[in-house]
Amino acid sequence: MLAVRNLRKDFATIRAVDDVSFDIGRGEIFGLLGPNGAGKTTAIRIVLNILEADGGTITYDGRPFSGALRNQIGYLPEERGLYRKSKLLDTILYLAEIRGMKRAKARDEALRWLRRFDLLTYQERKVEELSKGNQQKIQFITSIIHDPVLVVLDEPFSGLDPVNQILFQEALRELKQAGKAIIFSTHQMDQAEKLSDTLCLINKGKVVLGGTVRDVKRRYGSNSLHVEFQGDGSFMTSLAGVRRAMIYENAAELDLAPDARIQDILKAMIGKVEIRKFELLEPSLQSIFIETVGIPAGGTMLQGAA
Amino acid sequence: MIAKVLVVAKWEYLEKVKSKAFLIGLFLMPIIMVGMGLFSGLLAAREDTSTKVIGVIDASGDLAGPLGQRMEQKYLLSNKQPNYLIRELSVGKGIDLDSAVARANQLTVADEIGGYAVVSSHGAPDTVVEYRSKAVGDLLIAARLEETLKSIIAEQRARARGIDPAVLKDLNANLDVRMVKLSQAGETEESGFLKVYMTAYVFLMMLFMLIVTSGQLLVRSIIEEKSNRIVEVLVSSVSSTELMAGKVLGLSGLGFTQIAFWALIGTAASLEFGIGFVALDNALLLIVYFILGYLFYAAIFIGVGSPLTTEQEAQQVTSYLVILLIVPIILAMPAMKDPGAMWLKILTFIPFLTPTMMALRIPIQMPAAWEIVATIAIMLVSIPAAMVAAGRIFRIGILSTGKSPKIADIIRWARKG
């Protein structure tokens, strides 16, 4: 549905987005990951035609941006609020109408969503009388009420309590089932891991890794090994294929190099200590994230991906 | 795409019409207008409704008698009773001037007399008379005492030189200068200084209130939209041109609501109470300048307001614009003294001042036809130019957050587009 190619955006002194490319299809949830200030929001604003790119192309179903597309986009900005002094239903209807929705239809849909989010009784209240969580529900409603094809959610889960997080996640999965293309940005890796089909990690404006979640894990993740034993485990730090080791009294966490041979490590341990548990752990996105962004040693991988 | 402009306009109008700031402006203006009416009434000399007792201390004994006689005969109340009763407070026969004054003071304080005149020296060439009362602002009685005493003294001197006082009366011109304002059609209309002043003042205040209340509402709403990031949702839903057009349109609706409401109250008030101090002959032309000024300042407020990020900055910037709008109010007095002055004409041709200067000048003296045509033309050119520049600033400004941009940046945006 959306194809982004070689996107570039310069601000006064920095290049906020540098040669970013990705694709999103219908019925797909795309996670845009990266630390704060990585350029996620800038990229999103360009996709939404709020900002103009300095280079690169974006096509929507093969066509460039046009005014008519505005009615097919839903957007939840990162730092968000609503008109504090305005009434709940009025606000929803206004934001639906400027997306080209007819008022009567907008009202029906608004009431349906308010009922679903258990806010029906608040419809004539002013926004400022609502709790923060409830305000976020309203903002979510306004970003999807007009049945958009492309839904863009910037940090949708930040500040949400666990109950509302589940509520939002359910709604997202429904949108996916309905064939929408969904972009969401986050710096919470567990969210991205649970929800997204494909993802893209950007840092300092550049794509550092991207692809399907499985693909990313396979290519960039370093496996880690959890061992429980009896005896002196200090030798484990110097085993071939072990990049980093945390040795405790009766257990050890070992970070393995991508080319580490598990069998050899196990063989090396046998006889030296008495092994009670030997478990190979799947890499989490969290660890990949820290590996590629947080630790300077990951610099080689960073270049390899870009 | 007009549909979306209308959606924005409707929202802007309905949300602002309900706001407190708008309602305060709506009702404040009529209160100011009525206050002005009362104020002008207070300033004007009021006729007494009952006879006043005035004391006279006259050591010479020449003046008190004729003064009493003439004052009582010449000035009458509307019910034909004398306006003043002159009570002679005797001096001599053991009572010296000082004790007479002390007694007069007591009487004045006790409200037995409204005040008293002391002839402190009487002779040629100067006679000095003091009028003392609790209300120093009682200019009318001072003027009447002066006029009457002057004629008495003149007659006494004439008689002393053997001239018949009747001759003196013939020699003295009876002068009465009245202010008459000539209207467009050449009709005459009796018009006091205050009436003209108040008319100009009321129109200026109306235009001022109109622009300032909606300007502030506009800037405040833009800042709110920026701080809660709704603006991002808006500009991803409509183009920035549509958004701005909607805002200007909604704001114009607000302006018309205000004018209509004020006109209604004004008409009702003048029908009910006959408050005629607002001359309405040029209302139509004034409304043209109101609309032009309103649209021009709407563009200015958008251009100036959209790059701002905090309420404090907004207040600062609007206060600068308020100063611009106040200029003609400050100039009201000198403009009345010399309505044809060149500097007034020059100021009228600066677009920022044109509407307010015209609101000031039209009630005082109708500017020449060419001036009206030329200034309207200037506004018709300035408004689209200001709108285009404002639109360019708006497009970039509404997305700038954090630190407000520098003035140089804003000017660059306005030029480049």
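At what relative accessibility does Glu124(A) stand, and as what does it count?

Author: Glu124(A) has 48% relative accessibility and counts as partly exposed. The classes are buried (under 20% relative accessible area), exposed (over 50%) and partly exposed in between, with a 1.4 Å probe and protein chains only. This is a predicted model, in which local features need pLDDT of at least 70, side-chain atom pairs count only at pLDDT 80 or more, and totals for chains, interfaces and linings use all residues. Residues are numbered from 1 along each chain as its sequence is written, chains are lettered from A and ligands numbered from 1 in the order written, and side-chain values use heavy atoms, leaving out hydrogens and water.

Glu124(A) has a partner. Lys87(A) forms a salt bridge with Glu124(A), with 3.8 Å between the closest N and O atoms. The rule asks for a side-chain nitrogen of Lys or Arg within 4 Å of a carboxyl oxygen of Asp or Glu. Lys87(A) sits in the loop between strand 5 and helix 2 of chain A, and Glu124(A) in the loop between helix 3 (103-116) and helix 4 (132-144), so the pair ties together parts 37 residues apart in sequence. Helices (H or I, at least four residues) and strands (E, at least two) are DSSP runs, numbered from the N terminus. Lys87(A) is partly exposed, at a relative accessible area of 33%.

A second pair in chain A also joins two loops. Asp61(A) and Arg26(A) meet through their side chains in a salt bridge (2.5 Å, N to O). Asp61(A) lies in the loop between strand 4 (55-60) and strand 5 (73-76), Arg26(A) in the loop between strand 2 (15-24) and strand 3 (28-33), and 35 residues separate them. Both ends are partly exposed: Asp61(A) has a relative accessible area of 35%, and Arg26(A) has 47% relative accessibility.

Salt bridges link Arg8(A), Asp10(A), Arg15(A), Asp18(A) and Lys206(A).

Now chain B. Lys247(B) pairs with Glu225(B) in a salt bridge, the closest N and O atoms being 3.0 Å apart. Lys247(B) lies in helix 9 (residues 240-273) and Glu225(B) in helix 7 (residues 193-227), so parts 22 residues apart in sequence are tied together. Here both Lys247(B) and Glu225(B) are buried.

Over all chains, the rule gives 31 salt bridges. Three of these lie between chain A and chain B. In one cross-chain salt bridge, the side chain of Arg45(A) meets that of Glu232(B) (2.6 Å, N to O). Helix 2 (residues 88-97) of chain A gives the most to the side of chain A that touches chain B, with five residues.

What is the wider interface? Contact means heavy atoms within 4.5 Å. By that rule, 25 residues of chain A are in contact with 22 residues of chain B. The area buried between the two chains is about 2,400 Å², and carbon and sulfur atoms give 54% of it. Tyr83(A), Tyr94(A) and Ile98(A) supply 27% of the area that chain A buries against chain B, more than any other three residues. Buried area is the accessible area (1.4 Å probe) that two parts lose on being put together, summed over both.
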